[in-house]
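I opened this notebook to keep track of what I looked up, entry by entry.

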Amino acid sequence: MVENFIYYLGLVLVIIGAIMLANRLKVAYPIILVIAGLLISFIPGLPVLKIDPELIFIIFLPPLLYEAAFAVSWKEIWKLRRIITSFAFIVVFLTAISVAFVANSYIPGFSLALGFVLGGIVSPPDAVSAGAILKFVKVPKNVSTVLEGESLFNDASSLIIFRFAMVAVATGQFIWQDAAVSFGWMVFGGLGIGIILAFIFLEIGKIFPTDVNMDAILSLVAPYVMYIAAEEVHSSGVLAVVSGGLFLSVRRHQIFKTSQSRLRGSNVWESFVFLINGIVFLLIGLDLPEIMVGLRKEGISLSDAVGYGLLITVVLVIVRLLSGFGAVFVTLIMRNFINVADRDPGMKAPLLMGWTGMRGVVSLAAALSIPIVMENGQPFPHRDLILFITFIVILTTLIIQGLTLPALIKKLNLSDSGAGMSEEESEYFLRREMRRVSFRYLDENYKERRSENEYFSKLMDRWEQEDKEDSTHEMSEEAKQIYFETIEQQRIWLREENRRNPNIDEEYIRHYLTRLDLEEERLRM
């Protein structure tokens, strides 16, 4: 037991070291982690890291989906809703169908139902991998928003396909009428349950007093409650977490009520998701030896299995590229009839979108969740081959697409053609208006204290100056309280401006909200 604990502790250190190395090399950390896990798996005598397949989804998916939903901008998603929903649902379905028919045609013993199982597993691209790569290069905001928004919903659509295909494999039949009803309940039931539970968590925070630690713990518990509750009534736990996360995202100031709570919660989630992502990508590499043992039991040669994996990878890349250019073709037609987000999409962005199809966390979790034995007592057919193909897909897309994506982005030299304000324009506008909000509040409420108002006005501009540390020590407690009130007025204005002004990127709004929290906490200390 002690030896295993030391091994697990060592894996955490490997995760940290691998990510440090990835940052040093300017390579996406999922690539380094998968390779590290693969190398560690060949060290003899190490214990096998096993997780119950039924627990894979429950442990990893809820927090990863919730954090992604909480971080994304609903305003930006809504502006690009057509292209996001196209990639998240239509492209995923087309990908799963393509994989199913290719697998059924070229892999011996693969039924169409098994093909859909594999298609549901490998159809959703991984946002974590793309995000880790895009952090080293600059891409247009529209492209990154589509990737983020797509990742929230494509997991749900792919896992719905996966679930129906698993039922078809287990029962040997697929009833369209029952499937349609079940699909509707999974989608709308999952969305409804997520929003209802998110509202309950929101009200709990309003009714009962909470402190910083309680706020952080409640935010960690929320995605698990949403996911498990939805799954217990056979709806989509993924959609429950996504809808609940989005609902709370636009109300984050009501969940984390103080500046200290918001800063602490952000740090907790960043560390927690960092560790979970690291464990999952390391697991991808660590699982290979056990998968290869299963292949030998099935009597499938390694060369054949690698060939099947590469075949499915090629199918995924081709379908996504065709879908990207197909989306442009549809946009060029539909712009004559409706208002679209991008009236001149060009051909560079679709090529980039088509090449950002790295697979990762969700594909691995889905593959590992396949039961070894079905309810009828029979072994699940070709389970190890499906696991191996998934491993090859993840490894090849991460390494080939992941390593070439930065070069492709630089080669394409995409410009941000969005209609909103530039970063410089947003910076100037927000600074100017925040000062106006502060001065107006002081004039309306503390007009008789002109001398202090003049001092406050200088203090509000302090982030534009290099050294104002000593000035905060000169403030009386009463003056600090007045300053905190002006900060709160700035927060209110920023949130309202985010809702009513479509030309300002929410990322800049959040940046200034965080700076206000940091400023308040620094003064309190």
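**Entry 1**

I noted that the model I am reading is a predicted one. Which residue forms a salt bridge with Arg163? I found Glu231, with the closest N and O atoms 2.4 Å apart. Glu231 sits in helix 10 (residues 212-232) and Arg163 in helix 8 (residues 141-171), so I wrote the pair down as one that links distant parts of the chain, 68 residues apart. Glu231 is partly exposed as well, at a relative accessible area of 24%.

**Entry 2. Charged pairs at helix 22**

Next I looked up Arg491 and Glu520, whose side chains meet in a salt bridge at 2.5 Å, N to O. Arg491 belongs to helix 22 (residues 477-500) and Glu520 to helix 23 (residues 506-524); they are 29 residues apart, and this pair too links distant parts of the chain. Are these two residues buried or exposed? Arg491 has a relative accessibility of 3% and counts as buried, because the limit for buried is under 20%. Glu520 is buried at 8%.

I then checked a pair inside helix 22. Glu497 and Arg500 form a salt bridge through their side chains, at 2.9 Å from N to O. They are 3 residues apart in the helix, which means about one helical turn separates them. Glu497 counts as buried, with 7% relative accessibility.

I also listed a network of salt bridges that links Arg262, Glu488, Arg491, Arg495, Asp517 and Glu520. How many salt bridges does the count give? It comes to 15.

**Entry 3. Helix 14 against helix 18**

I turned to helix 14 (residues 288-298) and helix 18 (residues 383-412). Their axes are 8 Å apart and the packing angle is about 135°. The two helices are therefore oblique to each other, and their crossing is left-handed. I noted the residues that meet: Leu288, Ile291, Met292, Gly294, Leu295 and Glu298 from helix 14, and Arg383, Asp384, Leu385, Leu387, Phe388 and Phe391 from helix 18. Sorted by class, this contact has 8 nonpolar, 1 polar and 3 charged residues.

**Entry 4. Helix 2 against helix 13**

Helix 2 (residues 29-41) packs on helix 13 (residues 259-286) at about 45°, with axes 6 Å apart. I put this down as oblique. The crossing is right-handed. Residues of helix 2 in the contact include Tyr29, Pro30, Leu33 and Val34, and those of helix 13 include Asn277, Gly278, Phe281 and Leu282. By class I recorded 11 nonpolar residues, 5 polar and no charged.

**Entry 5. Two positive phi angles**

Last, I looked up backbone angles at two histidines. His234 has a phi near 65°, a positive value in a residue other than glycine. Where is His234 placed? I found His234 in the loop between helix 10 and helix 11 (237-249). His234 is exposed, at 59% relative accessible area. His382 also has a positive phi, near 55°, and lies in the loop between helix 17 (361-368) and helix 18.

Note on methods: Residues numbered from 1 in each chain as written. Predicted model: local features only at pLDDT ≥ 70, side-chain atom pairs only at ≥ 80, totals over all residues. Heavy atoms only, no water. Axes fitted to C-alpha atoms, helices over the stretch in contact; angles between N-to-C directions. Helix = DSSP H or I, 4+ residues; strand = E, 2+ residues; numbered from the N terminus. Parallel < 35°, antiparallel > 145°, perpendicular 65-115°, else oblique. Left-handed = near helix turned anticlockwise from the far one by under 90°. Contact = heavy atoms within 4.5 Å. Nonpolar A, V, L, I, M, F, W, Y, C, P; charged D, E, K, R; others polar. Salt bridge = Lys/Arg side-chain N within 4 Å of Asp/Glu carboxyl O. Buried < 20%, exposed > 50% of the residue type's maximum accessible area, 1.4 Å probe, protein only.
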